[in-house]
Amino acid sequence: MSEVVNGQSNGQDKVITLKGMYQDYFLDYASYVILERAVPAIEDGLKPVQRRILHAMREMHDGRYHKVANVIGQTMQYHPHGDAAIGDALVGLGQKGLLIDPQGNWGDVRTGDSAAAPRYIEARLTKFALDVAFNPQTTSWQLSYDGRKREPVTLPMKFPLLLAQGADGIAVGLSTKILPHNFIELIKASIKLLQGKKVKIYPDFETGGMVDVSDYNGGKRGGKVKIRARIEKVDKSLLAIRELPYSTTTASLIDSILKANEKGKIKVKKVTDNTAQDVEILVELAPGTSPDLTVDALYAFTLCETPVSPNACIIINDKPHFLTVEDILEICTENTKELLRLELEIKKHELQEKLHFASLEKIFIEKRIYRDIEECETWEAVLEAVDTGLRRYVRVPGEKVEKGDKRLLLLRDITEDDLVRLTEIRIKRISRFNSFKADELIAKLEEELQDVQHHLDNLVEFAIAYFEDLLEKYGKGKERRTKIATFDSIEATEVVANNAKLYVNRAEGFIGYGLKKDEFICDCSDIDDVIVFRRDGKFLVTRITDKVFVGKDVIHVDIWKKGDDRTTYNLAYSDLKEGRSYVKRFHVQAITRDREYGLGAGDGDAKVLYFSANPNGEAEVITVQLSQGSRARNKVFDFDFGELEIKGRNAKGNLLTKYPVRKVTLKEVGKSTLGALRVWMDEVSGKLNADGRGKLLGAFDTGDALLAIYKDGSYEVSDMDLNRRFEPQDLLHIGKFDPNAVINAVYYEGERGWTMVKRFQVETSSLNQRFPFLTEHKKTKLLLATLEPEPVVVYSVKVNSKKVEGTLKVAEFVDVKGWKAIGNKLSDLKPLSMKLTEQETGTEAEEKDGKQETEEAPPKSFHAGDTIEFDVEENGQTKMF
């Protein structure tokens with residue numbers, strides 16, 4: 001390449017290495033993609049293509065809809081990257097619904113359907129966009145890519161649009177992903193920031209669902225949110241998905257469910273997509289499949305739960321910055337305040353100019369200064385005459401004031417432009433000049449100027465009022481759609497459907513789900529871990545496969561759960577080095593997969609004499625027979641494992657005997673030594689757990705059941721299953737089932753219109769089935785249910801437009817009857833309120849006896865057979881009900 005100087009080549013070649021070209025060109029390209037394509041600017045929250053679309057639409061705006069094809073064409077004057085990129089960005093803005101008002105088929109983010117062709121759909125700017133995004137006076141301008149047009153550097157956005165819409169983009173060397181947030185919450189948070197308070201904001205998605213923001217980390221790199229679909233249990237064999245996770249469509253969600261079903265992770269009979277105006281995906285379960293377990297499995301193996309990693313990267317001063325969403329909101333709020341200040345300054349200047357000229361015009365006409373120019377022969381003389389005439393009646397800032405000077409003080413000095421404007425006033429206007437109206441105009445301008453100055457002096461209050469006005473005008477219908485919740489971690493091995501069977505060949509030492517001719521152990525899944533104990537005193541844990549060798553002489557094989565502190569292994573073994581026999585009890589909670597461990601002390605060599613696996617920590621009694629040649633006096637004795645403490649698997653254990661053992665046999669099956677399992681229910685998720693989260697339901701031992709009373713007037717007795725999930729909002733009571741407990745219920749009987757009271761015990765024997773104990777009328781409603789032995793209820797009714805209270809001792813009012821009985825009638829009216837209170841003790845009643853003489857009598861108690869009467873008179877008669 002020849003070097004050129006002043007248009008002449010010097011004949012010398014300038015060499016540019018490939019390495020240098022790569023560094024320069026690649027850096028230029030990377031910077032261009034970051035700044036001009038992928039990452040939004042902090043000032044308006046828009047990428048260049050979005051900004052150019054909105055600018056083109058503002059230029060076209062006449063209040064009517066425009067064909068999207070026309071909008072794309074107009075935008076191409078500013079954006080050099082073709083119609084496809086513009087069309088996709090325009091549809092994206094329209095689907096968010098904040099700035100663009102769409103008309104026609106714009107697709108559906110829930111189903112993934114694309115928009116119709118640009119020639120068939122229309123768009124216009126929303127009123128919100130016109131209010132917050134445009135002001136030519138406060139906009140910085142630049143030339144378009146070809147120099148023919150003028151476009152904004154950034155729009156004067158007076159709203160945190162970046163956080164409301166969200167943004168994502170992939171550039172060269174970095175990416176950005178800012179999740180959308182709630183419109184109302186953003187405005188309220190901006191107001192709090194202006195008030196000097198700290199705020200926290202969390203994502204909100206148009207598709208609804210639930211979100212766990214425990215690890216959100218302010219939207220910075222390294223944070224993560226988990227988003228779940230909202231799944232409802234229609235009945236025991238049908239689930240309904242009514243809200244989707246963010247960035248998931250109905251089609252992709254259904255595909256993930258079908259794939260999980262094909263792999264055997266879940267058991268689904270049928271999936272139906274009924275999505276129309278609202279999302280509805282019906283999942284029909286296979287017979288015998290637990291709906292609660294399936295809900296967890298859907299979250300574990302399908303797109304019903306989607307993790308998203310935010311990465312809030314934005315452009316500030318032409319450089320990418322990584323910030324928290326709170327930092328971005330603070331910058332946007334300060335930017336809005338500064339734009340409002342700038343608008344007020346502009347308005348103040350305009351009002352000052354109007355006031356200045358109105359004052360000059362009034363003096364010019366009232367003092368007849370226009371007559372001074374009649375004899376002037378040149379233009380300069382005309383201007384000088386007008387200026388001289390005005391200055392007899394006005395003074396300018398900085399001018400020396402003499403005593404008694406009554407001239408009007410102007411806001412600024414008189415300029416040549418002012419003089420020219422005065423000479424351009426028409427004779428018609430001078431002849432019709434009204435001094436009174438001129439004074440009114442000046443007074444109005446002065447008042448407006450004072451208001452503007454007040455707003456400038458109190459800019460924070462003005463900005464708060466601005467945000468409150470936005471909230472009032474545009475906040476309706478923009479309430480939070482995504483519920484913030486804390487999700488329980490779901491272990492895949494605990495919720496996966498049993499899609500395989502575990503077999504074992506004990507003699508050959510093989511296990512797997514492909515050994516269908518060998519001994520069947522249990523149903524399992526293809527991701528389960530299997531624990532194997534051998535006669536030679538070794539054990540290991542391995543992942544189940546079609547067929548795997550684990551060693552010969554297998555004495556026990558089962559599914560192993562990590563962290564299991566209930567399953568207890570009882571062992572009697574002979575230490576091959578010492579020749580003595582030991583007994584111990586231990587758990588296996590954590591291991592290294594496929595590594596062999598010894599059952600003796602410190603993984604030492606041992607021979608198994610007796611072994612048992614006990615899922616609830618049972619401790620049996622064994623009979624030990626010593627060899628006939630031993631010197632022991634008692635060659636047969638019993639040993640109770642209940643006398644041993646549970647220790648670590650590496651522990652040596654307690655000495656059983658120092659003599660050789662011939663045989664060990666089971667004598668008596670024992671009971672659990674771990675005690676009952678304390679169970680809680682998470683009051684947010686409704687999931688049962690043994691970790692102490694939520695409401696304590698009780699201590700459950702082998703054979704204990706769970707009682708749930710529902711608000712719809714039904715009860716259910718179910719097995720204790722930690723995989724069970726309840727809907728807390730549907731429950732009136734949940735706890736350990738006592739067969740002798742009495743359920744006290746007050747309900748409104750819809751067919752008769754009566755308030756009824758009943759008491760009954762659970763007489764049904766079926767488990768995991770709901771039984772309605774109220775009448776079937778659609779207006780029948782359960783008002784109160786309790787298992788208190790002698791509940792006292794305070795309630796109120798409306799009698800002749802007056803509120804009257806009463807007290808009901810339920811145990812005295814009605815006897816225990818069958819669960820299908822209607823009960824006793826309490827009232828012909830439906831109560832206004834009903835509250836369960838604690839019954840007074842005898843001492844408390846005595847203390848109140850003396851007070852009742854002077855105080856109003858307390859609410860009356862009612863018993864079976866009583867007529868309930870209130871002292872409410874109408875026309876001389878007492879009304880009873």
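Analyst: Let's start with one word you'll need all the way through: two residues are in contact when heavy atoms of theirs lie within 4.5 Å. In this protein, residues 24 or more positions apart account for 65% of the contacts with a separation of 6 or more. Before we go on, this is a predicted model, where local features need pLDDT of at least 70, side-chain atom pairs count only at pLDDT 80 or more, and totals for chains, interfaces and linings use all residues. Residues are numbered from 1 along each chain as its sequence is written, and side-chain values use heavy atoms, with hydrogens and water left out.

User: Okay, how many helices and strands does the protein have?

Analyst: Helices (H or I, at least four residues) and strands (E, at least two) are DSSP runs, numbered from the N terminus. Here you get 18 helices and 55 strands.

User: And what share of the residues is buried?

Analyst: Buried means under 20% relative accessible area, exposed means over 50%, and partly exposed is in between (1.4 Å probe, protein chains only). Of the 881 residues in this protein, 44% are buried.

User: What does T336 touch?

Analyst: T336 sits in helix α10. Its relative accessibility is 0%, so T336 is buried too. Not counting residues up to four places away in sequence, T336 touches M157, K158, F159, Y466 and F467.

User: One from a strand, please. Where is S574 found?

Analyst: In strand β29 (residues 568-575). S574 is buried, at a relative accessible area of 15%. Beyond the four places on either side in sequence, S574 is in contact with G579, R580, S581, D605, A606, K607 and L609.

User: Now helices. At what angle do α7 and α10 pack?

Analyst: The axes are lines fitted to C-alpha atoms, for helices over the stretch in contact, and the angle runs from 0 to 180 degrees between N-to-C directions. Helix α7 (residues 183-194) and helix α10 (residues 325-366) pack at about 75°, and their axes are 10 Å apart. That makes α7 roughly perpendicular to α10; the label covers 65 to 115 degrees, while under 35 is roughly parallel, over 145 roughly antiparallel and the rest oblique.

User: Which residues of α7 and α10 meet?

Analyst: From α7 you have L186, A189, S190, L193 and L194, and from α10 there are L329, E330, T333 and K337. For classes, Ala, Val, Leu, Ile, Met, Phe, Trp, Tyr, Cys and Pro count as nonpolar, Asp, Glu, Lys and Arg as charged, and the others, Gly among them, as polar. The contact of α7 with α10 then has 5 nonpolar, 2 polar and 2 charged residues.

User: What about α2 and α4, at what angle do they pack?

Analyst: Helix α2 (residues 48-60) and helix α4 (residues 83-96) pack at about 80°, with axes 10 Å apart. So α2 is roughly perpendicular to α4. V49, Q50, I53 and M57 of α2 make this contact with A85, I86, A89, L90 and L93 of α4. By class, that contact has 8 nonpolar, 1 polar and no charged residues.

User: Last topic, rings. How many aromatic pairs are there?

Analyst: Rings of Phe, Tyr and Trp (its six-membered ring) pair if their centres lie within 6.5 Å; planes under 30 degrees apart are stacked, over 60 edge-to-face, and the rest tilted. This rule gives 25 aromatic pairs. One of them is Y715 with F760, a tilted pair at 6.2 Å centre to centre with 40° between the planes. The pair links distant parts of the chain, since Y715 is in strand β42 (residues 714-719) and F760, 45 residues apart from it, is in strand β45 (residues 754-760). Y715 is buried at 0% relative accessibility, and F760 is buried at 0% as well.

Y715 also pairs with W819: their centres are 6.0 Å apart and their planes at 85°, so this pair is edge-to-face. W819 lies in the loop between β50 (816-817) and β51 (824-827), 104 residues apart from Y715. At 11% relative accessibility, W819 counts as buried.

User: Which residues do ring pairs link into a cluster?

Analyst: F533, F539, Y569, F586, Y597 and F611.

User: And which ring does the charged end of R770 sit over?

Analyst: A charge sits over a ring if NZ of Lys or CZ of Arg is within 6 Å of the ring centre and within 35 degrees of the ring normal. R770 has its charged end over the ring of Y710, 3.6 Å from the centre. R150 lies over the face of W141, at 4.0 Å from the ring centre.
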